[in-house]
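Hello,

I am handing over the structure we spoke about. Please open it first, then read the notes below.

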Amino acid sequence: MSVDKATVAKIASLARIRMDDAALERMVPELNGILRWVEQLGEVDVAGIAPMAAVIPGTLRLREDVVDADPLTGGGKQADVLANAPAAEHGFFGVPKVIE
Amino acid sequence: MTDLTADLTSLGVKEIRDGVARGDFTAREVAEAFNAAVAEAAALNAFIVTTPDHALAAADKVDADRAAGKELGSMAGVPIGMKDLFATYGIQTTAASHILEGFLPRYESTVSSKLWDAGAGMLGKLNLDQFAMGSSNETSYFGNVTSPWRKAGSNAAMSPGGSSGGSSAAVAARIAPAATGTDTGGSIRQPAAFTGICGIKPTYGRCSRWGIVAFASSLDQAGPMARSVEDCAIMLGAMAGFDPKDATSLDMPVPDWEAALNSDLRGKKVGIPREYRMEGTDQAILDSWEQGKAWLKDAGAEIVDVSLPHTKYALPAYYIVAPAEASSNLARYDGVRYGLRELPDGSGLQDMYAATRAAGFGDEVKRRILIGTYVLSAGFYDAYYTQAQKVRALVARDFERAFAECDVILAPTTPTASFPLGSMTDDPLTMYLNDVFAVPASLAGLPAMSVPATLNPDGLPLGLQIVGRPFDEQGVLNAGLAIEQRAGFTARPEKWW
């Protein structure tokens with residue numbers, strides 16, 4: 001399988017990365033080179049093999065169902081959460097107006 | 001530089017820790033010596049920010065604790081470099097990207113806080129490939145790191161490897177006795193090999209990923225980089241341990257790797273994977289591999305041939321799995337919660353996302369996000385991603401079968417020595433191939449280490465890689481120690497910076 005400029009434009013849009021025509025043109029052969037190379041995986045006989053889910057089998061733990069089980073990531077952290085926001089407004093994350 | 005300063009900066013982790021404990025010198029003297037060495041070495045571009053005050057404050061605490069007769073930690077008085085992928089409270093953490101420039105974490109990564117608890121201090125945040133994506137340290141927004149090593153008779157700037165290139169350059173240049181690294185597909189081992197130092201990636205889950213900027217979560221693993229196997233054992237002990245904040249953290253005790261180091265390999269079997277004899281591998285690398293076998297045999301081990309039949313498919317599988325996870329992990333950079341925001345005039349929310357990510361990510365990061373987005377997209381998911389995860393299972397099964405016949409595996413770390421900066425950037429694929437020997441152990445989550453073996457005819461370091469069974473960091477370190485004792489690698493780069 002190979003990608004053309006329109007496909008790369010579609011992928012870039014899905015990935016929310018703005019790319020102009022020149023950037024798209026540049027990316028087409030690079031992505032095709034990589035995709036052609038990974039295609040060799042098709043040769044591998046994977047009959048009966050389950051896709052790997054975890055390298056080290058384990059069970060997912062549940063934390064204790066209490067408020068602020070971990071004080072670092074619990075509630076009451078508004079100032080910390082907003083500290084690095086590009087536009088913190090009135091205790092919220094500010095974003096451009098959304099009208100649909 | 002005074003003689004005392006030069007002497008102190010040539011010391012490793014154990015020598016510093018033990019010297020401080022004995023009172024041969026103070027932790028403050030050590031921190032001052034390394035702070036000065038860091039300040040002199042700007043030409044290497046190994047650090048994105050330096051934190052001399054952090055190193056001094058940690059040192060003063062160690063000196064005060066010692067004076068008060070308190071018990072000192074396993075890294076007491078050792079100032080280290082911190083790869084700029086670990087979140088450090090109030091200190092800029094960028095992953096070498098523009099999108100995180102100016103980000104000041106309000107929390108500390110588990111690994112770094114464990115190191116501070118053990119008495120270490122921080123010299124600064126080390127440069128790396130952007131979001132740890134790269135094998136030459138040429139994708140950083142903050143410029144390339146230059147290796148302290150040069151080819152004999154040449155002044156060309158060489159690659160320190162990547163992604164932990166700031167870490168490898170700093171430790172090799174003696175401006176840090178040790179540094180943290182992270183390894184997703186070779187990012188500790190390959191730079192260690194390129195710069196003549198040691199580095200170990202432990203079993204997946206040994207070190208908490210909490211507070212490490214995520215690249216590919218099923219592969220990312222932190223580990224130490226230092227100039228001796230013993231220093232790596234000490235530092236890994238300080239970094240590892242169960243962390244409830246990381247869902248994939250291993251809930252098992254951390255062995256005392258330092259105390260159990262033992263280079264007597266009698267009764268051990270060392271596997272030599274025949275599929276690692278690949279075309280395009282330097283003759284000097286193949287020779288060092290032969291030498292490595294002889295060293296381990298001399299240490300008492302039996303050498304056996306093993307087969308890892310899916311080796312050649314590991315790298316292409318990695319270049320589906322890792323970008324797929326990266327495309328998902330890096331979706332968080334949206335210009336809303338932290339980091340860069342680009343808001344062109346009159347643009348809406350979607351335009352802001354796209355403009356922010358266009359301006360904030362470098363070319364290699366964009367390339368991998370696009371590949372990842374593509375292989376996860378409707379209609380292609382099974383052909384690419386599911387197939388790659390099945391191949392990954394086969395790569396892991398290969399190792400499982402090989403470890404029925406041997407205790408550790410010996411292989412080269414890289415197919416080539418370091419190369420000049422700028423010489424491999426035309427084709428992304430050529431660069432990817434430098435991790436061909438490192439990636440299989442990453443896909444299988446196994447502990448793996450690089451130890452310096454020798455210099456090639458150009459005077460550049462070559463590393464040997466040891467891969468072990470899950471949780472058997474001790475077996476890896478012990479084989480590494482056996483090589484270290486026999487290789488007698490004492491070469492160091494001549495100071496030009």
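**Notes on chain B**

In chain B, 62% of the 497 residues count as buried, where buried is 20 or more other C-beta atoms within 10 Å of a residue's own, exposed is 12 or fewer, partly exposed is in between, and C-beta atoms are placed from the backbone. This is a predicted model, in which local features need pLDDT of at least 70, side-chain atom pairs count only at pLDDT 80 or more, and totals for chains, interfaces and linings use all residues. Residues are numbered from 1 along each chain as its sequence is written, while chains are lettered from A and ligands numbered from 1 in the order in which they are written.

Chain B has 16 helices and 11 strands (DSSP runs numbered from the N terminus: helices are H or I, at least four residues; strands are E, at least two). Its C-alpha atoms fill a box of roughly 65 × 55 × 50 Å along the principal axes.

Next, the side that touches chain A. Here 59 residues of chain B are in contact with 42 residues of chain A (contact: C-beta atoms, placed from the backbone, within 7 Å). The elements giving two or more residues to this side of chain B are α10 (311–329), α11 (349–360), α12 (363–375), α13 (381–402) and α14 (428–432). Helix α13(B) gives the largest share, 10 residues.

Last, one helix. The buried residues of α16(B) include B:Glu473, B:Leu477 and B:Ile483. After α16(B) comes B:Gly488, with a positive phi near 50°.

Regards

Methods: Contact = placed C-beta atoms within 7 Å.
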